[in-house]
Amino acid sequence: MNSRLWEKLRNKAYRKHFVEAQVKRQIPFQMRALLKKARWTQGELAERAELTQGAVSRALNPNYGNLTLNTIIHIASGFDVAFIGRFVPFSKLVEEFDEVTEELLYSLPSFTEEDALVTEAATAARTFAQEGHKPARVLSFVKKQRDASVGGDAGASKLQRLNDIPLRQAKADLKLPQPPAGTVTKTEADTAASGLGQAVGY
Amino acid sequence: MALKWRFLDYETKDGDVPIRDWYSAEPGQVQSAFDTTVRHLSVTEIWTVRDGAKPLTRQHVGLTELLVDIDVWAARAARGVKRRFRPVGVRNDDEGTFLFLGGCSKVGGMLDPITAFDDAMRRWDEWQRGLGKVHDHEL
């Protein structure tokens, strides 16, 4: 917890405007990072988002501040990502404030990227489970590969939550009938896990 | 958190911290917009005007102003009034630091206080001559 920021939040006026600053400035900040990641121009985003370039340009300006929900929804669609606007406790906002990094945003997958991960992880998990590998071993490698993909950075916890999707999918698929214990050799498990690791790697 | 830039506050030889004095005199709306801008810049590798930073020119070459604009809304007003604030300092690309030297507001083309950028240049000169000290800027 950022104790100095928390101290400032004890002031009601600061608290109100901190929320305002986060709402108004976080979206342009995210948009700039996502544009860099995609290597798109404003015009390309405008086309994908079905907006005018002027609307995208205004949305990218952290000092504009009059973004409508409709524009945000169009922009999310342009990047093929989701958008969550919801009321949260201040501790959550402080957590987000402290965690934000460009790298985290670069790692934000589009739906297509996520869907490929989910499908591959599910297929791999099902295959290895049916081949008789121990579920714990398979899951361990899914998790290991996922953690490696975020580079061990402190800000990666949020990304890890995003990446929990393939892990959850793998767990779900591993609820298949399990083979008797002790049927897997170390070499087989390693081979299987290695293949799964490649399947879920970004 | 992966910070790319470290923000510092300059303290004059008389013990004044100009950015702190400017900050504490501003209302919560300006403070929170400033804090958010600094936080985002601290993790942004390359700064552009859109990121909220602009190098100054002419007699203030070497300084960079941060662009903190806010809309002030009167009760039941149809639209807000734009107000512009300009914390100013020196960016050191080699060290990955930004040293705050002061702050001001901007109305039209005029600064308030009008000597804000000149004062920042003077403080920068003092710092280069070994006067004063710096502290980490705390968010």
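Tutor: Start with one residue pair: B:Arg6 stands opposite B:Thr97, which belongs to S7(B). This is a predicted model, in which local features need pLDDT of at least 70 and side-chain atom pairs count only at pLDDT 80 or more, while totals for chains, interfaces and linings use all residues. Residues are numbered from 1 along each chain as its sequence is written, chains are lettered from A and ligands numbered from 1 in the order in which they are written, and side-chain values use heavy atoms, with hydrogens and water left out.

Student: OK, and how do strands S1 and S7 of chain B pair?

Tutor: Strand S1 (residues 6–11) and strand S7 (residues 97–102) of chain B run in the parallel sense and share 4 bridges. Two strands count as paired if DSSP finds at least two bridges between them, and the elements themselves are DSSP runs numbered from the N terminus, with at least four residues (H or I) for a helix and at least two (E) for a strand.

Student: What sheet of 6 strands are they in?

Tutor: It is an open sheet in chain B with the order S2-S3-S6-S7-S1-S10 and mixed pairing. Strand S2 (53–55) and strand S10 (133–136) of chain B each have a single partner strand, so one side of each is left without a neighbour in the sheet. Neighbouring strands of this sheet are turned by 35° against each other on average, direction ignored; the axes are lines fitted to C-alpha atoms, for helices over the stretch in contact, and angles run from 0 to 180 degrees between N-to-C directions.

Student: Which helix lies across S1 and S7 of chain B?

Tutor: Helix H1 (residues 18–25) of chain B does, running at about 65° to S7(B), where contact means heavy atoms within 4.5 Å.

Student: And what is the order of the sheet with 4 strands?

Tutor: That open sheet of chain B has the order S4-S5-S8-S9, with antiparallel pairing. Its edge strands are strand S4 (68–72) and strand S9 (110–112) of chain B, each of which pairs on one side only. Within it, strand S5 (residues 81–85) and strand S8 (residues 105–107) of chain B pair over 2 bridges, and B:Phe85 stands opposite B:Ser105 in S8(B).

Student: Switching to the interface: how much area do chain B and chain A bury between them?

Tutor: About 2500 Å², 45% of it on carbon and sulfur atoms; buried area is the accessible area (1.4 Å probe) that two parts lose on being put together, summed over both. The contact takes 29 residues from chain B and 33 residues from chain A.

Student: How many salt bridges are there between chain B and chain A?

Tutor: The count is 3, a salt bridge being a side-chain nitrogen of Lys or Arg within 4 Å of a carboxyl oxygen of Asp or Glu. The side chains of A:Lys8 and B:Asp35 meet in a salt bridge at 2.8 Å, N to O. On the side of chain B that touches chain A, helix H2 (28–42) and S4 of chain B each supply at least two residues, and H2(B) gives the most, with 10 residues.
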